[in-house]
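Subject: Structure handover

Dear colleague,

Here is the structure I said I would pass on.

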Amino acid sequence: MATAAAASASEAEAEPKAGPEAEGEEDEAKAARARRKVLSRAVAAATYKTMGPEWDQQEEGVSESDGDEEYAMASSAESSPGEYEWGYDEEEKNQLEIERLEEQLSINVYDYNCHVDLIRLLRLEGELTKVRMARQKMSEIFPLTEELWLEWLHDETSMAMDGLDREHVYDLFERAVKDYICPNIWLEYGQYSVGGIGQKGGLEKVRSVFERALSSVGLHMTKGLAIWEAYREFESAIAEAARPMAGFLSPSDWEQTFDSQLEKVHSLFRRQLAIPLYDMEATFAEYEEWSEDPIPESVIQSYNKALQQLEKYKPYEEALLQAEAPRLAEYQAYIDFEMKIGDPARIQLIFERALVENCLVPDLWIRYSQYLDRQLKVKDLVLSAHSRAVRNCPWTVALWSRYLLALERHGVEHRVISVTFEKALSAGFIQATDYVEIWQAYLDYLRRRVDFKQDSSKELEELRSAFARSLEYLKQEVEERFNESGDPSCLIMQNWARIEARLCNNMQKARELWDSIMTRGNAKFANMWLEYYNLERAHGDTQHCRKALHRAVQCTSDYPEHVCEVLLTMERTEGTLEDWDIAVQKTETRLARVNEQRIKAAEKEAALAQQEEEKVEQRKRARAEKKALKKKKKIRGADKHRADEDDEKEWGDDEEEQPSKRRRVENSVPPAGEAEPGSEANLSRSSAPTATEPPSELKEVRVGARRRDVPKVPHDSSKDGVTVFVSNLPYGLGEPAATLRPLFEACGDVVEVRPIFSNRGDFRGYCYVEFREEAAALQALQLDRQSVEGRPMFVSPCVDKSKNPDFKVFRYSTALEKHKLFVSGLPFSCTKEELEEICKAHGTVKDIRLVTNRAGKPKGLAYVEYENESQASQAVLKMDGMTIRENVIKVAISNPPQRKVPEKPEARRASGSALLPRQVYGARGKGRTQLSLLPRALQRPSAATAQAENGPAVPPAGATPATTEAPKMSNADFAKLLLRK
């Protein structure tokens, strides 16, 4: 019964300590007590095995298998999701889903979610063998999360029956602790190893596991406490279990054994108190209560020093506790702090903690691996970090390149490095240049393996075959996927040529390679020829140098003067008189031809500029003539309107005969562009309203008349710096200036809001806003796309397009953005909040822009910006093909096509295409039915419609279109004509 009492004492002594992250929930407390009970009983059983058969285990009620069984029960009680009752239909449905997921994985083995769903369904169906195979397959491709590993480990421990099964579980634990730093997995590992303490070497195994756990996570400020306590409880239980053995051992042996075990517990207390951990005060109080002797002064000093260190670390730990995952910024600040202190163990720990939540951030992996490569240089640690980096971010070529260098640096055998390179090729990089970079890294490694002192070797042949394979791979695989090889300058081929020339003394092969480089579109670049010339200069002969420069003079188009200068310099130094004469003749001929081409190009450019200036002047004159003609028509129309009023008084009875027609004419408002401003129709409509018009229309007419009377103010281009141009506004804005002024006053002091109205007084949908300061105008550009009465308002800089005809304002990038996604196929009813809810599951969303038309209506497109390119890549893999409200969306990295510049009318005219005469429509506009309501007897043939024998008649000299057009007639004019008949 002494053992049971000792176990009870250890239970009471090992109550869980409260910390900032300690869970106070009842179920976790029960699970912890169950684990401690298992620990004590297992230790008691192990002590019996160790001390001898005299100690009656039956009396104490402890069996060898109790530890495993109770551990399995505790694990299952802690992790079991519950009992599920599945009907036949549900089982059949699950089987179909399992088959679908297996087929999907056979197509794309890198579908992470598909792996997780398959494991979940197989586990529900009880397919133990298939679950194990599915987990094994997934773990070979991806690092598993803590939750997935714990679930797997709990399943395996519950099925472990004998020693072989236990070894298999040990292997799983070893794999689990290598993926990520997980204190919970280490704790489970230590607890499970206690169950095998009765086996040969079991005690040493348990201590080894706990020591490794302390090395890995013992410095963890918030979660390391559980590991320390579990280890101390184990050693305390061993000490308590040794007390009843006093009767079976000699006093000296028992005292030595017992004192040695107590010293282990003392050592653990001292080690723990020297490390800054949360809830250190409770541990110190527990040590004072447990220890029979006073605590040494050195231990108290170490404890106080650890408390001081804890105060320095607390701000960073509290920042992590308050922030939300993935907390990258907080971890970066914590890492910077640890790097300044310089403790390697703590630096490694904080990196590992950050990577648990930010495993898809390549920059963090690069920083971590760089620290390990340059500072720690421990082979197992370095290679493990590189391996995990490429498994988490396989699309990042920089991680693969660093991995290959690390493997070579630590002397890993060639076969392993080659296999790693082949995995990199199948990783699926997102750019063609990434494949060039990984090939260069591998070829550099192969080149360093070759002993060039030998004329031929196996390594040299392997290097040459790798160069040939790389060129073939870029030509076939990469060009087929990206429509480019990724190596336009032929860097790999240049490197091969240098190796053949400098290290293998094979200039013939080097020349063949350079000929191939030049035939791939590089012959027009002077730097390529000079690179070839320098190679021939160093390892070739003068004849080939001269030949290369002569070809360069003829082919170079970017810097021919530089090539000619190099040729003349070489002939001046080494050539004969004949060589000099040939070089001078060729260079002069070439430069003369180049100068002639440049002069022609300059003349053509000047002619185009002059044509543009002439076209601008023509447009200005045409606008001035049109304005003068409108003014003349307006004056003539006003005189005629007065004459019509006199006639209407005389013929008032005739007006009363058609009241409905008159009302329709007066109340109708013509569409923009159908009637010429200033014409009689417009003048009659803009005249004073009759009594039949409603008050609202009367008010509108008065406002329009008032706007027409406002004198037009020409735009002052000297104020463009403090002015913004606002467009796409609703045409129905009653008072644009009053509506927009409060909106723009938030940006600064507004001098004037100048809306633009048509000749009829209608608002044209745009205006100018002038500020007092230029900074306010720049801030006003941020209001672009803000909604004004349900329509997106466009705000752009005020630029005179007559001086800058090619000026365009487009606020979004048109180049490749790896951190931004383009989403198409969205439902028109999808809101920004709904899309953000979907996207934030795959990373931190910085911005979402729903694409709309000019009226503010959605187009089913969106741009989603993530914090980094790794999150965007992960979102593409998981969201592409997703269904949203019965719409299947498409997701890709944002890479807009080049914006096409529309061909200008002047360019089409210059190309020789004949301009067709503009169609002349009737008074009703462009309609299908062109009925004339004028009686035949009153029709007069127009000079413009008179036909010659072979085409339209030529108008008389000096005639204008205005004189050939039939004048419009009012009702009074019709009446006069009828009376004359």
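A crossing is called left-handed if the near helix is turned anticlockwise from the far one by less than a right angle, and right-handed if clockwise. Helices (H or I, at least four residues) and strands (E, at least two) are DSSP runs, numbered from the N terminus.

This is a predicted model, in which local features need pLDDT of at least 70 and side-chain atom pairs count only at pLDDT 80 or more, while totals for chains, interfaces and linings use all residues. Residues are numbered from 1 along each chain as its sequence is written, and side-chain values use heavy atoms, without hydrogens and water.

The chain has 40 helices and 11 strands. Of its 981 residues, 38% are buried (under 20% relative accessible area, 1.4 Å probe, protein chains only).

α18 (residues 362–376) packs on α19 (residues 379–392) at about 165 degrees, with the axes 10 Å apart. Axes are lines fitted to C-alpha atoms over the stretch in contact, and angles run from 0 to 180 degrees between N-to-C directions. The two helices are therefore roughly antiparallel (over 145 degrees). α18 crosses α19 in a left-handed sense. Residues in contact (heavy atoms within 4.5 Å) include Trp365 and Tyr368 of α18 and Leu381 and His386 of α19.

α27 (residues 542–555) and α28 (residues 560–574) pack at about 150 degrees, with axes 9 Å apart, which makes α27 roughly antiparallel to α28. Their crossing is left-handed. Among the residues that meet are Cys545 and Leu549 in α27 and Cys564 and Met570 in α28.

Regards

Terms used: Parallel < 35°, antiparallel > 145°, perpendicular 65-115°, else oblique. Buried < 20%, exposed > 50% of the residue type's maximum accessible area, 1.4 Å probe, protein only.
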